[in-house]
Amino acid sequence: IQNINADLNLIHKRVHERIENEQQLVDTENYLEKVRIEDIIEKKKEYEDLLAWVNMLLKTQYRTTQETLTRLKTTFNFVQSMDEILNGAENKLKDTRIAFENSLVGKKDELTNSLNDIVSEIEKFKDIEHDGMQQNRKNYEICDELAERIAKMKEDVMDLNDKEILVGFVQSEFPKLVTAEESLKPYFQLWHLYR
């Protein structure tokens with residue numbers, strides 16, 4: 001009885017853990033699937049064996065204590081409620097998945113908007129006049145800041161792509177990112193002399 005209860009308590013605890021990231025979401029989904037396919041069937045079988053054993057005991061001279069019968073009933077209720085517990089956990093996971101997926105879509109939109117801003121700022125360099133050291137230093141600082149933003153964006157895109165793969169999305173592509181980096185290079189080289 002104790003082993004069945006301990007195993008079921010562990011399952012219950014595991015499927016109700018707080019999910020902080022995409023990896024935990026996928027791990028919990030996989031665990032829940034394994035529990036449904038293997039563990040619950042096994043625990044129900046163990047309970048049936050235990051129940052058969054208790055029934056055999058009741059037919060003998062051995063006296064079963066009220067405590068044993070109470071624990072058996074508690075275990076029975078727990079075994080019977082596991083399908084309901086797992087259904088609730090699955091529904092919660094679905095909601096969590098939707099929230100993570102929406103977050104990824106929002107992050108993609110945020111990166112796209114940021115990239116469009118970078119491209120727009122690089123485009124402004126075409127109209128800048130090259131008059132004086134002061135302006136050229138300022139242009140270099142702007143180039144340097146844009147290069148840092150592009151580098152940060154590359155990291156953010158890699159992070160987004162990793163999370164997209166985890167949840168089963170197609171990786172987002174940002175071809176403008178490569179174009180922006182290449183468009184910035186000549187300006188960066190031009191004003192690098194003035195830093």
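**α3 and α4**

I looked up how α3 and α4 lie, and their axes cross at roughly 155° and come within 10 Å. The two helices are therefore roughly antiparallel to each other; that label takes angles over 145 degrees. Axes here are lines fitted to C-alpha atoms, for helices over the stretch in contact, with angles from 0 to 180 degrees between N-to-C directions. Helices are DSSP runs of H or I with at least four residues, numbered from the N terminus.

I noted that the model is predicted: local features need pLDDT of at least 70 and side-chain atom pairs count only at pLDDT 80 or more, while totals for chains, interfaces and linings use all residues. Residues are numbered from 1 along each chain as its sequence is written, and side-chain values use heavy atoms, with hydrogens and water left out.

I then checked the handedness, and α3 and α4 cross in a left-handed way (the near helix is turned anticlockwise from the far one by less than a right angle). Contact means heavy atoms within 4.5 Å. On the α3 side I found, among others, Leu104, Leu111 and Ile118, and they belong to a contact that includes Leu146, Ile150 and Val157 of α4. I sorted this contact by class: eleven nonpolar, one polar and eleven charged residues. Ala, Val, Leu, Ile, Met, Phe, Trp, Tyr, Cys and Pro count as nonpolar, Asp, Glu, Lys and Arg as charged, and the others, Gly among them, as polar.

I read off 59 residues for α3, residues 66–124. From first C-alpha to last it reaches 84 Å, close to the expected 87 Å (1.5 Å times one less than the number of residues). I also found a bend of about 40° at Ser81, taken between axes fitted to the seven residues ending there and the seven starting there.

**α4 and α5**

I compared α4 (residues 133–167) with α5 (residues 175–192): the angle is about 150° and the axes are 9 Å apart. This pair is therefore roughly antiparallel too. The crossing of α4 past α5 is left-handed. The contact includes Tyr140 and Ile150 of α4, and Leu184 and Trp191 of α5. By class I have 13 nonpolar, three polar and three charged residues.

Definitions and conventions. Angles under 35 degrees count as roughly parallel, over 145 as roughly antiparallel, 65 to 115 as roughly perpendicular and the rest as oblique.
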